[in-house]
Structure formats: structure tokens, C-alpha cells
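Here's a quick briefing on a protein model with a ligand in it. Have a look at the structure first, then go through the points below.

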Amino acid sequence: MSDIKYIDDVELEGKTILLRADFNVSLNPNYLSIADDERIRQVIPTIKYLLKRKNKLILASHLGRPKGERVQKFSLQIVCNQIKEYLPDYDIRLIQDFLTEPEETFKNQKENEIFVYENTRFYPGEKKNDPEFAKKMASHADVFVNDAFGVSHREDASVVGVTNYLPSYGGLLLKKEIQMLSMILKKPEKPFVAAIGGAKIETKIKVLDRMMELADHLIIAGALANTFLYAQGIEVGASLVEKDKAELAQKLLFKAAQNDTSVILPSDCVVGNSQELEYGGRVCKISEVPKDKQILDIGPETTARIGTIIAKAKTIVWNGPVGYFENIHYRQGTDFMYYAITNNEDAVSIVGGGDTLAAISKKEYLEKLTHISTGGGAMLEFIEKGTLPGIEALKK
Ligand code: ADP
Ligand code: MG
């Protein structure tokens, strides 16, 4: 199998390029503005690189989950407006329906025009990876570039299907994501600390399993930790816990012991009730969680332990908030994680995950992180498998 070629490995000039980006940004609750445009910002270098070489661009992306139907609140118009902010000299034109758009439009695309296909998930063919749909999408371009790491774990038409019809390359962001994540899989500088939080154990099992092999220290926090605590016989009160996964948690802990990975679980916590916004939360030992209360954040003793470990790390991977950060009373642990990681300037640090990025998006010192992965699920799957379908599709 050959390796991927990236856009800076080949000469791309004067072509029309279909660029799959991941513009699946988080929107504000009214759907009228973008909450965090990190994903747009990170693709801009690829767009500029291609434009500089006199290529014409057609951008494609999904936004939200419109499930094969035209759902106006998920229109990419909002994304077009934001791209314009970064490329004021270009006209960013939304193509409402590329299936019916007259051929003339594409023939007459001007040097200073960027076309954007309307949300790929407005079409049922996208998620089905329908060959006819992919072919049509590819038909207006000479070359395909995938810079959408965040969806490269999906076998969608705009990610995998189109590569059957066009010479296909990886973009600069895809390259950066692959290089950064491969480094932690291949030769991470030690000590290597992985911190995994979040809510559901199901979505994190595989990455936890892999981290048991790779990491020197594995910090397990968030609601996820409750299941591990429960598996060790600790009463977790009314906390979110997946009791049917207790045996699995035990197996994982056994694997950690076999691999000499030290697992750090919370020893104290902040308890409360996630529904009651007023109640400020109370710190208690992990063995003393009241029956009617939930564990909603890690406590000061746990943050201190975690802080020491992170301060000494040379490689850090963090995915998943360590508490119910949406409520200000329970976001201290998550904030602490962030500051502990950004404070360790000697370490290579990689942070990813939709909710994790939302938790840190407006913070100072973001530049101190080595890499903010634009992939949530994609990052976890890449760590697990070392590749993704969208990446494999570029190897043909
Ligand atoms: P990411 O999207 O970064 O991978 P997840 O989706 O796995 O993160 O988890 C994020 C969710 O986990 C958040 O909604 C957060 O409130 C929740 N969470 C974390 N810790 C707790 C906890 N102790 N109790 C309840 N929910 C929690
Ligand atoms: Mg999430």
C-alpha cells in the first residue's frame, strides 16, 4: 500500500479543487451565529495555500445532523460568511444545490470566487456513500483534497466516495493531525500521561484500552470514572454510572496493571445535583458520597494529585471534561486540567473532543497547547487503529 500524498508533496496549480473541509462548527442556541470557529480557522492555511497557486476551490462540508433533508438552520451560509472574514478579497458563493446548478456556473468560476456546496448531509446519498452522488459531486473538479480529519472516520460520499473519481490528496490540516497523533502512537516522549474524561464509557472503551498499553499514567475522570469506582466497590450515590460496564472496567484495570500503567481515579469529588442550578456543590471523599447526590466534579485532593503528574509529563493527551462543566459550579476540575496542561511548556500536548473544545474554547493560552485536534470521534478512532477510512481512501 502506498502512502498518502499531501498537497505540498505534489504540484497543484491552475486546477479546480474539491476541498472537503470540516466546517461542522458549534452554533449558538439560536442557530444564527457560530459559537466557536476553531474548525474553520484551522482549514484556512490549506485554502490559502491552494489559492496562492492559482487553483479554484469548491468547498464541501456537513454541518449538524440534518439527516438527508434540507434543514435551513444547518445551511452553510453562516460558514460562508465566516470564511469571508478570513478571505475578504474573495467572493464566497453558496451553491444551493450542486445537483441542479447549471454547468455554466462552474465553467465561469472566477479567480476570486470560492464556491461552497450546500451542506452535504442535506442529501441522502452522503451518508450512504452513494456512488452516483459521489460521482456527481466530483464531476465539477479536477482534484480532490481531504482536509476534514474530524469526519475521516466516516465512510461518507464526500470523504471516501469521491476519491474513486478524482486524484486525491491530503490537506495541510489532515497532515498535521496525522503527524501529531502518529507521534504519540509511535514514539511518545516519556512520561506519557493520558487523561480521559467525559460521560459515556461506551464511547471511550477503545481509547482507554489502547492507552493502557501506551501511557505511563492514565487519569480517568468525569462520569466515566464513576463506573470504575463502582467496580471497585465504592458507593457513588445518585451519580451517572453504567453498572453493566463494571466488569469491563475491572478488566481494563487489570490490563493496566499488566502493562505497568498507573491509573489515577478520583479520591475526592464535588457532589451536588445536576438539575439544581442553585446548589453550589460540596466537596467530599470518594468513599463518602451521599446516597441522594451525584459526583459532578473532581475534588481538590484529586486535582493536586493530577497536577503533580501533569507537571512532570513530557507527552499529554487529554479528551473529555472531568466534570459537569456546563454548570459553573462543576467546571473547576476541567479548568484546572486545562491550566495544568498549558503550564507544562516542556510537554507535547494534544487536546481533542467536541465537548472538551467547547469547555476550553474561549480561554487564554490556547497557543500553548501543541495541538488542538479538530476530531472528537475521529481522534479517538485514530488513536485506536492508527488510521481512518478517509485516510485509507487517499492511498489508492
Ligand atoms: P468529548 O466530546 O470532549 O469527547 P464527552 O462527550 O465524552 O466529551 O463528554 C462530555 C460530557 O460529559 C459533558 O456534557 C459533561 O458534562 C459530561 N460529564 C463529565 N463529567 C461528568 C459527571 N461527573 N457527571 C455528569 N456528567 C459529566
Ligand atoms: Mg461529546
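**Aromatic pairs and the ligand shell**

Phe106 is buried, at a relative accessible area of 10% (buried is under 20%, exposed over 50%, partly exposed in between, with a 1.4 Å probe and protein chains only). Bear in mind that this is a predicted model, where local features need pLDDT of at least 70, side-chain atom pairs count only at pLDDT 80 or more, and totals for chains, interfaces and linings use all residues. Residues are numbered from 1 along each chain as its sequence is written, chains are lettered from A and ligands numbered from 1 in the order in which they are written, and side-chain values use heavy atoms, leaving out hydrogens and water.

**Aromatic rings**

- There are 10 aromatic pairs in the structure; rings of Phe, Tyr and Trp (its six-membered ring) pair if their centres lie within 6.5 Å, and planes under 30 degrees apart count as stacked, over 60 as edge-to-face and the rest as tilted.
- Phe106 and Tyr117 make an edge-to-face pair, because their ring centres are 6.4 Å apart and their planes sit at 75°.
- That pair links distant parts of the chain, 11 residues apart: Phe106 belongs to helix α3 (residues 103-107) and Tyr117 to strand β6 (residues 113-117). Helices (H or I, at least four residues) and strands (E, at least two) are DSSP runs, numbered from the N terminus.
- Tyr117 is buried too, with a relative accessible area of 0%.
- Ring pairs join Phe98, Phe106, Phe115, Tyr117, Tyr123 and Phe133 into a cluster.

**Around ligand 1**

- Which residues come nearest to ligand 1? Out of 19 around it, they're Lys204, Ile295, Glu326, Asp355 and Thr356 (a residue is near if one of its heavy atoms lies within 4 Å).
- The side chain of Lys204 has an N or O atom 2.7 Å from an oxygen atom of ligand 1.
- On the backbone side, a polar atom of Ile295 is 3.0 Å from a nitrogen atom of ligand 1, and a polar backbone atom of Gly323 is 3.4 Å from a nitrogen atom of the ligand.
- On its own, ligand 1 has 580 Å² of accessible area, and the protein covers 84% of that (Shrake-Rupley method, 1.4 Å probe).
- β14 (294-298) and α12 (354-360) are the elements giving two or more residues to the shell, with the largest share, 3 residues, coming from α12.

Methods:
Polar contact = N/O pair within 3.5 Å; in protein donor to acceptor, adjacent residues only side chain to side chain.
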